[in-house]
Amino acid sequence: MRLSEARIGQEFEILAVRIAREVGRRLADMGFTEGARGRVIRGGAFRGPLQVRIRDYDILLRRCEAAGIEVLPLGDLPAEGTVGPDFGFRFRGFRRRGSDGRGRREGGGRGFRGALGACGDREGPAAREGGS
Amino acid sequence: MSAPLPRVIRIALAGNPNSGKTTLFNALTGAHHKVGNYPGVTVEKREGSRVRGGRSFRFVDLPGTYSLTAYSLDEVVARDFILDEKPDVIVDVLDSTNLDRNLYLCLQFQEFGIPVVGALNMTDEAAAKGIEIDAENLGRVLGIPMVKTVGPRGTGIEELLDAVEARLEAPDEEPRMPGYGAELEAGIDRLRSLLASDPAFAARHPCRWLAVKLLEKDEHAARIAAGHPRGAEIEEAARESVRWIEGHFGKDSEIVVSEQRYGYIRGAVRETVRVIRKPNFSRTEAADKVIMHPLLALPVFAAVLWSVFQLTFLIGEYPMGWLETFFGWLARIVESALPGGLLKSLVVDGILGGVGGVFSFVPLIVILFFLLSLLEDVGYMSRAAFATDKLLHTFGLHGQSILPMMLGFGCSVPAILAARTLKSRRDRVATILTIPFMSCGAKLPVYVLLAGAFFPDDAANMVMLIYAIGVALSLASSLFLHNTVLRGEPTPFVLELPPYRAPTLRGVLWHVWEKSWQYAKKAGTVILAASVLIWALTTFPVREPAPGEADRRAAEYAADHPGAPPEEAAAWAEISRATSDLEYSAAGRIGKFIEPAFRPLGFDWKVGVATLTGFAAKEVVVSTLGVLYRTGLEETEESGTLKGALRADPGFSPRTAFVLMLLTLILPPCFASLAMIRAELGWGWLGFVVVYFLALGWGIGFAVNQIGSLAGFG
Ligand SMILES: Nc1nc2c(ncn2[C@@H]2O[C@H](COP(=O)(O)OP(=O)(O)O)[C@@H](O)[C@H]2O)c(=O)[nH]1
């Protein structure tokens with residue numbers, strides 16, 4: 001599954017980083033490599049950034065970057081993750097369609113849009129290989 | 001084998017961000033350092049030295065990075081420094097609590113073929129977390145001598161220097177290199193021997209490093225390799241190796257290289273590091289439960305911001321008063337020492353008045369910087385970025401834009417410099433373009449004067465409103481720019497979250513000193529020049545008073561105000577002379593010339609002149625108005641006379657006062673900030689900033705004035 005779909009408290013093992021070029025490379029540099037284990041600590045409100053513990057340190061990344069990281073869930077889902085304050089706060093109304101990285105319109109250069117869309121554009125290796 | 005040691009050892013100090021590099025640099029070099037820039041780029045370069053036993057250790061602090069690709073300017077600078085300057089030794093600072101990721105950078109330095117010494121920093125924290133490192137063994141396994149240090153206490157500094165000397169005294173016959181596993185080594189070896197086949201090339205470039213970089217599809221390495229006599233052959237071989245690796249591993253070759261590097265590190269760490277307890281994050285965890293709580297993070301951030309400003313103004317009031325007194329005293333001394341005339345006017349009104357006025361804000365700014373540096377060193381700024389990233393990102397900004405934006409409330413100059421922490425140029429430009437909307441300390445007196453004069457019942461709320469409008473405009477403007485001139489992708493948000501750490505007073509003071517010095521330098525040069533320019537504009541051409549003018553004015557005043565004491569009439573005559581002088585001067589003429597532009601906003605030429613002088617420094621608007629409204633030359637925002645005079649002017653109303661506050665907020669920032677923008681972004685963006693803010697300020701002023709008058713606001 002994707003790291004962006006992992007629940008709070010979920011432990012995982014990295015299978016692959018599927019973000020093209022620079023960002024994928026950066027994540028690999030920061031220790032997101034196949035087999036590395038980590039844990040989702042918390043996520044910001046309104047689908048804000050995720051705090052992930054990997055290789056004994058903590059890192060913040062946006063959910064759309066996390067959507068490009070394929071992970072294998074480990075162990076049982078901790079009880080605290082299912083409900084509780086960390087997780088009860090997902091205003092679906094504020095989410096743009098496809099903000100989890102799938103089904104976003106590609107290219108998307110036209111029209112007036114919030115910057116949220118730009119993050120989505122970065123996902124999916126295929127979408128970006130053509131970029132500068 | 002032993003080589004005679006040079007008398008001067010050139011050392012590059014490298015390491016991850018947050019590894020304690022700055023603290024260690026300070027401990028190593030004491031007070032002997034200078035700050036500059038790396039040539040041609042806006043990345044800070046700190047140099048310092050330490051003399052021991054007749055030998056000089058010269059340190060250059062490389063920018064803190066996680067890797068050495070071309071991901072950010074910092075990485076390029078660090079890489080080019082090593083390649084071009086070829087230091088004698090690289091000292092790599094490692095955070096012992098997080099060895100895997102820190103060694104990842106360290107090993108890349110080893111590949112340059114330059115001796116590397118590792119400083120295992122934060123060993124106190126590692127010990128507290130139950131991490132036991134066998135430094136000697138780790139050093140042997142990697143071929144990198146390791147010395148344990150604790151930066152704030154200066155522990156291990158001498159041993160570190162010993163290790164540097166020992167490393168140079170006994171160089172390796174065959175430098176040790178990190179291994180990438182049999183599959184990659186075959187390709188690396190083939191490329192390396194191809195590259196080394198030309199001795200002249202091999203003497204200039206580290207061949208193994210290049211070979212690895214070619215497998216990582218690094219463009220910079222490809223360009224270097226293209227200069228090899230057998231460049232085409234090498235390019236073909238590299239392409240073939242990459243193809244093979246990607247086929248074999250089923251992923252990008254640069255990812256494979258990085259995974260193999262981590263694999264090599266894991267092997268070394270497994271042998272030499274023992275974790276006797278599970279890593280303990282408890283203290284940081286407990287604090288973050290509240291500070292980073294999804295619902296509370298933003299309110300906590302707002303509370304922190306609010307407290308910072310409250311404290312700043314609370315403490316800053318005193319030294320600000322002292323400085324004002326001091327400059328007033330200085331002006332009086334100079335006034336009595338110098339003969340009358342233009343020179344005196346230049347020194348007293350131009351230089352002391354202008355620069356002194358700006359310098360009295362220094363305490364406010366220093367205190368604000370102190371508090372923000374404290375937050376930064378404690379580790380709060382990453383949390384603030386976490387709290388605000390979603391909001392800022394929605395408007396085309398970045399979580400890390402928050403520090404420059406906050407500094408903007410103090411002074412734009414250091415705020416613009418602080419935008420350097422943003423890695424991409426697009427984000428840097430976007431952030432810098434928000435800073436003028438943050439009401440800096442110098443705009444406050446103008447707000448206070450106008451709000452006090454026209455909204456006496458809710459002056460404080462009015463000032464708050466203007467601040468809020470500034471923030472709202474900054475976001476709206478970012479979104480607009482994001483959809484127009486600053487299209488393109490905001491960089492991803494991938495930010496380390498360090499644990500909370502007790503800052504050292506020295507470290508914080510050092511940061512404060514750096515930022516304040518940048519400000520003071522600007523105040524000393526650009527603001528000086530601007531003050532002199534504005535003085536000249538408001539002084540020349542000099543008007544020759546008509547004979548008996550003063551007496552005539554005094555008589556007029558006496559006739560209008562029967563029973564007024566003669567001193568009052570004399571004072572009136574003096575001020576009215578100053579006003580006529582100003583009207584006659586170049587600034588007065590320019591004000592009249594641009595009056596048509598200010599008419600639609602509801603102003604006459606006086607406001608034009610005041611706004612013009614505001615470019616030297618925004619608070620000068622107040623003293624210019626003081627002269628123009630004949631209330632006194634020593635006008636301050638507290639004195640009631642200017643307020644009264646403004647209220648009495650039929651041209652002024654609450655509506656126009658509000659518009660003038662908006663103009664002060666939005667019109668292009670002062671000369672010092674503009675100079676800073678030019679230094680950071682170049683002439684093109686400077687031109688854009690001037691035009692953009694002029695257009696925006698005028699447009700908003702016009703709209704508010706027209707709508708306000710249609711809606712019947714007085
Ligand atoms: N416990 C501990 N804290 C340290 C050590 N070295 C630095 N620090 C703290 O870590 C924080 C970051 O240090 P700094 O030198 O600014 O890191 P840089 O980002 O690498 O330059 C500061 O609050 C330092 O006081 C150390 O060896 N042990």
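Modeller: Start with a definition: a salt bridge is a side-chain nitrogen of Lys or Arg within 4 Å of a carboxyl oxygen of Asp or Glu. The model is predicted: local features need pLDDT of at least 70, side-chain atom pairs need pLDDT 80 or more, and totals for chains, interfaces and linings use all residues. Residues are numbered from 1 along each chain as written, chains are lettered from A and ligands numbered from 1 in written order, and side-chain values use heavy atoms, without hydrogens and water.

Biologist: Which residue forms a salt bridge with A:E13?

Modeller: A:R37 does, with the closest N and O atoms 3.3 Å apart. This pair links distant parts of the chain: A:E13 sits in strand β1 (residues 11-17) and A:R37 in strand β2 (residues 37-43) of chain A, 24 residues apart. Helices (H or I, at least four residues) and strands (E, at least two) are DSSP runs, numbered from the N terminus.

Biologist: Is A:E13 buried or exposed?

Modeller: Buried means under 20% relative accessible area, exposed over 50%, and partly exposed in between (1.4 Å probe, protein chains only). A:E13 has 19%, so A:E13 is buried. A:R37 has 55%, so A:R37 counts as exposed.

Biologist: Which residue does B:D80 meet in a salt bridge?

Modeller: B:R79, at 3.2 Å from N to O. B:R79 is buried, because its relative accessibility is 4%. B:D80 has 26%, so B:D80 is partly exposed.

Biologist: How many residues apart are B:D189 and B:R192 in helix α7?

Modeller: They are 3 residues apart in helix α7 (residues 181-196) of chain B, so about one helical turn separates them. B:D189 is partly exposed at 41%, and B:R192 is partly exposed at 30%. B:G187 also lies in helix α7 of chain B. At 12% relative accessible area, B:G187 is buried. Its C-alpha atom is 8.8 Å from that of B:V212, 25 residues apart along the chain.

Biologist: At what angle do the axes of α24 and α25 of chain B cross?

Modeller: Axes are lines fitted to C-alpha atoms, for helices over the stretch in contact, with angles from 0 to 180 degrees between N-to-C directions. Helix α24 (residues 549-560) and helix α25 (residues 566-584) of chain B cross at roughly 120°, and their axes come within 8 Å. Under 35 degrees is roughly parallel, over 145 roughly antiparallel, 65 to 115 roughly perpendicular, and the rest oblique. α24(B) and α25(B) are therefore oblique.

Biologist: Which residues of α24(B) meet α25(B)?

Modeller: Contact means heavy atoms within 4.5 Å. From α24(B) come B:E549, B:A550, B:R553, B:A554 and B:Y557. In α25(B) they meet B:E568, B:A569, B:W572, B:A573, B:S576, B:R577 and B:S580. By class, the contact of α24(B) with α25(B) has 6 nonpolar, 2 polar and 4 charged residues. Ala, Val, Leu, Ile, Met, Phe, Trp, Tyr, Cys and Pro count as nonpolar, Asp, Glu, Lys and Arg as charged, and the others, Gly among them, as polar.

Biologist: What is the angle between α21 and α29 of chain B?

Modeller: About 45°, for helix α21 (residues 444-454) and helix α29 (residues 620-628) of chain B, with axes 7 Å apart. α21(B) and α29(B) are therefore oblique too. B:P445, B:V446 and B:L449 of α21(B) make the contact with B:V621, B:V622 and B:L625 of α29(B). The contact of α21(B) with α29(B) has 6 nonpolar residues, with no polar and no charged ones.

Biologist: How many residues of helix α28 are buried?

Modeller: Helix α28 (residues 605-613) of chain B has 8 of its 9 residues buried. Among them are B:W605, B:K606 and B:V607.

Biologist: Which peptide bond is cis?

Modeller: The bond from B:F540 to B:P541, with omega near -10°. B:P541 is in the loop between α23 (505-539) and α24 of chain B. Now check phi. B:N18 has a positive phi near 65° and is not glycine. B:N18 is in the loop between β1 (8-15) and α1 (21-29) of chain B. B:K86, also a residue other than glycine, has phi near 40°. B:K86 lies in the loop between α2 (73-85) and β5 (89-95) of chain B.

Biologist: How many helices and strands does chain A have?

Modeller: Chain A has 5 helices and 5 strands. From the N terminus, the order is β-α-β-β-β-α-β-α-α-α. Of the 132 residues in chain A, 55% are buried.
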